[in-house]
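Trainee: Can we go through this one together? I'd like to start with the contacts and then jump around a bit.

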Amino acid sequence: QVQLVESGGGLVQAGGSLRLSCAASGKIFKINAMGWYRQAPGKQRELVASITSGGSTNYADSVKGRFTISRDDSKITVYLQMNSLKPEDTNVYYCKTDLSRWNGYDYDVWGQGTQVTVSS
């Protein structure tokens, strides 16, 4: 069973930076895209940033130019560098990994979430 463990969340002042990490462990055959999502109370989970196995990235308009997603496949880890944080970035952040089994079956795994709080 594959597990994702997130770290790096916390409390930061507006304008500050945080770096989130998400490490995968378990029986992994192939990792495809990896991404970060966030969800505020009472709202739907939304994509923050994603990165394909080839390194192509995609960002929500609200974080473009401030956040950077990267991955280290040797460590099976995806990162989210968050700069110039704003109070509206306050959310629970979740990582997601798209995986493939040896037989070609594709499936998703989610992390447990990490709280990011930006004070004004």
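Trainee: Among contacts between residues at least 6 apart in sequence, what share joins residues at least 24 apart?
Mentor: In this predicted model, 55% of those contacts in the protein chain join residues at least 24 apart.

Trainee: And how many helices and strands are there?
Mentor: The protein chain has eleven strands and zero helices. Read from the N terminus, the order is β-β-β-β-β-β-β-β-β-β-β. The radius of gyration is 14 Å, close to the 14 Å that the globule rule gives for 120 residues, so the protein chain is as compact as a globular protein of that length.

Trainee: What does the C-alpha trace span along its principal axes?
Mentor: About 50 × 25 × 25 Å.

Trainee: How much of the chain is buried?
Mentor: Buried residues are 42% of the 120 in the protein chain.

Trainee: What about charges, how far apart are the mean positions of the positive and negative ones?
Mentor: They are 2 Å apart, with 13 positive and 10 negative charges counted in the protein chain.

Trainee: Switching topic. How many disulfides are there?
Mentor: The count is one disulfide. Cys-22 and Cys-95 form it, with their sulfur atoms 1.9 Å apart.

Trainee: Which parts of the chain does that pair link?
Mentor: Distant ones: Cys-22 is in strand β3, residues 18-25, and Cys-95 is in strand β9, residues 91-100. The two cysteines are 73 residues apart.

Trainee: Is the link right-handed or left-handed?
Mentor: The link of Cys-22 and Cys-95 is right-handed, with 45 degrees about the S-S bond.

Trainee: Cys-22 and Cys-95, buried or exposed?
Mentor: Cys-22 has a relative accessible area of 0%, so Cys-22 is buried. Cys-95 is also at 0% relative accessibility and therefore counts as buried.

Trainee: Why does Ser-21 count as buried?
Mentor: Because the relative accessible area of Ser-21 is 18%, and buried means under 20%.

Trainee: How far is Val-92 from Ile-31?
Mentor: The C-alpha to C-alpha distance between Val-92 and Ile-31 is 24 Å, and they are 61 residues apart in sequence.

Trainee: Then what about Ser-84?
Mentor: Phi of Ser-84 is near 50 degrees, again a positive value in a residue other than glycine. Ser-84 is in the loop between β8 and β9. At 41% relative accessibility, Ser-84 counts as partly exposed.

Trainee: Where is Tyr-59, and which residues does Tyr-59 touch?
Mentor: Tyr-59 is in strand β6, residues 57-59. Not counting residues up to four places away in sequence, Tyr-59 touches Val-48, Ala-49, Lys-64, Phe-67, Thr-68 and Ile-69. The C-alpha atoms of Tyr-59 and Ala-49 are separated by 4.3 Å, and the two residues are ten apart along the chain.

Trainee: Tyr-59, buried or exposed?
Mentor: Tyr-59 counts as buried, at 18% relative accessibility.

Trainee: Last one. Where does Ser-119 sit?
Mentor: Ser-119 lies in strand β11, residues 114-119. Ser-119 counts as partly exposed, at 26% relative accessibility. With residues up to four places away in sequence not counted, Ser-119 touches Leu-11, Val-12, Gln-13 and Ala-14.

Trainee: And how far is Ser-119 from Glu-88?
Mentor: Ser-119 and Glu-88 are 9.3 Å apart, C-alpha to C-alpha, and 31 residues apart in sequence.

Methods: Residues numbered from 1 in each chain as written. Predicted model: local features only at pLDDT ≥ 70, side-chain atom pairs only at ≥ 80, totals over all residues. Heavy atoms only, no water. Helix = DSSP H or I, 4+ residues; strand = E, 2+ residues; numbered from the N terminus. Rg over C-alpha atoms; globule rule 2.2 N^0.38 Å. Buried < 20%, exposed > 50% of the residue type's maximum accessible area, 1.4 Å probe, protein only. Contact = heavy atoms within 4.5 Å. Lys, Arg positive; Asp, Glu negative; His and termini not counted. Charge placed at Lys NZ, Arg CZ, Asp CG, Glu CD. Disulfide = S-S within 2.5 Å.
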